[in-house]
Number of protein chains: 2
Amino acid sequence: VISVTPEPPYTAVIFTSVRSTDTAGYDQTAAEMFALVETQPGYLGAESAHTTDGVGITVSYWVDEASARAWRSVLEHVAAQHAGIDRFYRAYRVRVATVVREHAWAKPPPDQQLT
Amino acid sequence: VISVTPEPPYTAVIFTSVRSTDTAGYDQTAAEMFALVETQPGYLGAESAHTTDGVGITVSYWVDEASARAWRSVLEHVAAQHAGIDRFYRAYRVRVATVVREHAWAKPPPDQQLT
């Protein structure tokens with residue numbers, strides 16, 4: 001759910017989208033892309049959240065910009081991008097960013113808490 | 001919904017969280033923070049998506065790292081962060097990143113489409 005990423009710097013691709021009403025095949029395409037991206041060189045993980053009103057944010061993490069760029073050109077992914085433009089999305093924005101600092105926190109399990 | 005951000009570079013703060021079951025007051029605190037952040041110097045916008053299973057991603061955008069860092073120290077925000085750790089979240093990860101490239105797309109309105 002929350003990706004365990006290495007020490008920065010590494011690359012984040014922030015994909016924010018607004019879905020169209022054309023949903024046929026979307027879930028399958030998304031599942032295929034999540035399966036495929038895991039096999040890509042330089043892939044570190046991804047986080048995704050979708051609100052019921054059709055707003056989605058998916059952030060994928062990569063060892064560097066080159067590996068993120070290579071994923072953009074993978075054949076099946078290109079086809080999915082076309083389906084996204086033709087049918088699934090009303091709008092999106094992709095931002096490529098270099099993570100420079102991070103901080104993770106998790107609640108300790110009950111037996112490690114003081115109270 | 002999708003922030004209109006300027007030409008890169010600018011700063012993105014990616015906040016990924018898993019909610020606890022303690023939800024009392026969360027919506028109000030979140031609404032107060034979204035109202036307050038809009039008044040902060042250097043704030044460019046934010047995008048947020050929350051899945052019904054408690055996973056949330058909020059990305060806020062800033063003109064630079066200094067303005068993002070300043071928001072971290074605003075009194076009311078510090079209090080909200082404490083409430084987050086004490087009650088609202090089970091885990092989170094914050095990543096500070098420099099956006100180096102972006103691409104926006106939106107479906108043209110029907111009267112501008114060819115078909």
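Strand S1 (residues 10–19) of chain A and strand S3 of chain A pair in the antiparallel sense over eight bridges; two strands count as paired if DSSP finds at least two bridges between them. Helices (H or I, at least four residues) and strands (E, at least two) are DSSP runs, numbered from the N terminus. Within this pairing, A:Ser17 stands opposite A:Gly56 of S3(A).

Before I continue, please note that this is a predicted model, in which local features need pLDDT of at least 70 and side-chain atom pairs count only at pLDDT 80 or more, while totals for chains, interfaces and linings use all residues. Residues are numbered from 1 along each chain as its sequence is written, chains are lettered from A and ligands numbered from 1 in the order in which they are written, and side-chain values use heavy atoms, with hydrogens and water left out.

S3(A) also has S2(A) as an antiparallel partner, joined to it by seven bridges. There, A:Ala49 has A:Ile57 of S3(A) as its bridge partner. The hairpin of S2(A) and S3(A) has four residues between the strands, and A:Gly54 takes a positive phi near 95° in it.

How many residues of strand S3 (residues 55–62) of chain A are buried? Eight of the eight are, so the strand is largely enclosed by the rest of the structure. Buried means under 20% relative accessible area, exposed over 50%, and partly exposed in between, with a 1.4 Å probe and protein chains only. A:Val55, A:Ile57, A:Val59 and A:Tyr61 point one way from S3(A), while A:Gly56, A:Thr58, A:Ser60 and A:Trp62 point the other way.

Let us turn to the whole sheet. It is an open sheet of eight strands with antiparallel pairing, in the order S2(A)-S3(A)-S1(A)-S4(A)-S4(B)-S1(B)-S3(B)-S2(B). At its edges are strand S2 (43–50) of chain A and strand S2 (43–50) of chain B, each of which pairs on one side only. On average, neighbouring strands are turned by 25° against each other, direction ignored.

Next, the helices. Helix H1 (residues 26–37) and helix H3 (residues 75–88), both of chain A, pack at an angle of about 150° with their axes 11 Å apart. Axes are lines fitted to C-alpha atoms, for helices over the stretch in contact, and angles run from 0 to 180 degrees between N-to-C directions. The angle makes H1(A) roughly antiparallel to H3(A); angles under 35 degrees count as roughly parallel, over 145 as roughly antiparallel, 65 to 115 as roughly perpendicular and the rest as oblique. H1(A) contributes A:Tyr26, A:Thr29, A:Met33 and A:Leu36 to the contact, and H3(A) contributes A:Glu76, A:His77, A:Ala80 and A:Phe88. Contact means heavy atoms within 4.5 Å.

Leaving aside neighbours within four places in sequence, its contacts are B:Tyr26, B:Gly54, B:Phe88, B:Tyr89 and B:Arg90. B:Arg19 and B:Ala91 are 72 residues apart in sequence, yet 7.2 Å apart in space, C-alpha to C-alpha.

Finally, chain A as a whole. Chain A has three helices and four strands, and along the sequence they follow the pattern β-α-β-β-α-α-β. Of its 115 residues, 42% count as buried.
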